[in-house]
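Have a look at the model first, then work through each task with its solution.

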Amino acid sequence: MTTGKVKTLRLKSAQKPQQRVYSQLREMILTSKLQPGEWLRQEQLAALFGVSRTPVREALRMLSQEQLVEFVPNYGVRVVPLSWEEFEELYALRIGLEGLAARLTAERATEEDIAALRKSLKEIAVLAEQGNLREYLHEEWKFRLKCYAILKRPRLMQKIKHLREHAERYLRLAYTVEGKIHESLDFHRRLLEAIADHDGAAAERINQDALRWTLQNAGPVVRKLEGGPAT
């Protein structure tokens, strides 16, 4: 982390200090506010969150169990670097689960559900036209969650959300080339039409193709950052 004067972050008082620090750090890592490979100094984190070093150590241990940070002997703690293996594994799991979710959504969606999804898609299209990637990614994920929520299967939703959170550090890398945001939007339009047609097979295929698109577009960037071949 950068040195110098640090502004203390406010933490919600309802949680224990280590849980509060853990939640904040986890969000900062998953959204790349803390960069892959960045070293984390416990004294700086303690100052940042306005706590002692004990909650910070506990939070870092919790994050290490999620493989978001790693303890390096004789050096300290750092954010786990991006890894092609992790990226590939995350998306293999997402392709399977979100393909299933899309198929079931198409089979079960009501006309009221479809009307609500059409409204959401119009809002996403505006963000795509504006080129607002941060807000676009936030809203397009909310759109897909609305699709999956139709199923009323909390266990499936929990697994999907967990994988998406851990994929957050990677998926932005798919948009490094101009025009990719519109390609992404097209997948969502096609997915909605498949849901409106109650075509489960098409919805499953489109959703899986969208996830493979991310894997294909971000893959070379991940490999380059990892230091391996870009092919």
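**Exercise 1. Find which residues surround the largest cavity, and describe its lining.**

Step 1. Start at the middle: Glu140, Arg144, His188, Ala210 and Thr214 lie nearest the centre of the largest cavity, and 18 residues line it in total. A cavity is a set of points on a 1 Å grid over the protein atoms alone where a 1.4 Å probe fits but cannot get out, and a lining residue has an atom within 4 Å of a point.

Step 2. Next, look for the elements: α4, α6, α7, α8 and α9 each give two or more residues to this lining. Helices (H or I, at least four residues) and strands (E, at least two) are DSSP runs, numbered from the N terminus. With six residues, α9 gives the most to the lining of the largest cavity.

Step 3. Sort the lining by class: ten residues are nonpolar, four polar and four charged. Here Ala, Val, Leu, Ile, Met, Phe, Trp, Tyr, Cys and Pro count as nonpolar, Asp, Glu, Lys and Arg as charged, and the others, Gly among them, as polar.

Step 4. Finish with the volume, which is about 170 Å³ for the largest cavity. A volume is the space filled by probe spheres set on the points, and grid points are joined across faces, edges and corners.

A note on the model: it is predicted, so local features need pLDDT of at least 70 and side-chain atom pairs count only at pLDDT 80 or more, while totals for chains, interfaces and linings use all residues. Residues are numbered from 1 along each chain as its sequence is written, and side-chain values use heavy atoms, with hydrogens and water left out.

**Exercise 2. Describe the largest pocket and its lining.**

Step 1. A pocket is an open set of points with protein on both sides within 12 Å along at least five of seven lines. The volume of the largest pocket is about 670 Å³.

Step 2. Of the 18 residues that line the largest pocket, Glu27, Thr31, His138, Glu168 and Arg172 lie nearest its centre. Two or more residues come from each of α1 (17-30), α6 (133-149) and α7 (154-171).

Step 3. α6 gives the most to this lining, with seven residues. By class, the lining of the largest pocket has eleven charged, four nonpolar and three polar residues.

**Exercise 3. Find which residues of α6 are buried, and what covers them.**

Step 1. α6 has 17 residues and spans 24 Å from its first C-alpha to its last, close to the 24 Å expected at 1.5 Å a residue. That expected span is 1.5 Å times one less than the number of residues.

Step 2. Among the buried residues of α6 are Tyr136, Trp141, Phe143 and Arg144. Buried means under 20% relative accessible area, with exposed over 50% and partly exposed in between (1.4 Å probe, protein chains only).

Step 3. The cover over the buried residues of α6 includes α4, α5, α7, α8 and α9.

**Exercise 4. Which residues have the most contacts inside the largest nonpolar core?**

Step 1. A nonpolar core is a set of buried Ala, Val, Leu, Ile, Met, Phe, Trp, Tyr and Cys residues joined through side-chain atoms within 4.5 Å.

Step 2. The largest nonpolar core has 54 residues, and Phe87, Tyr91, Tyr136, Phe143 and Ile195 have the most contacts inside it.

Step 3. Take Tyr91: leaving aside its neighbours within four places in sequence, Tyr91 is in contact (heavy atoms within 4.5 Å) with Ala167, Leu171, Leu211, Thr214 and Leu215.
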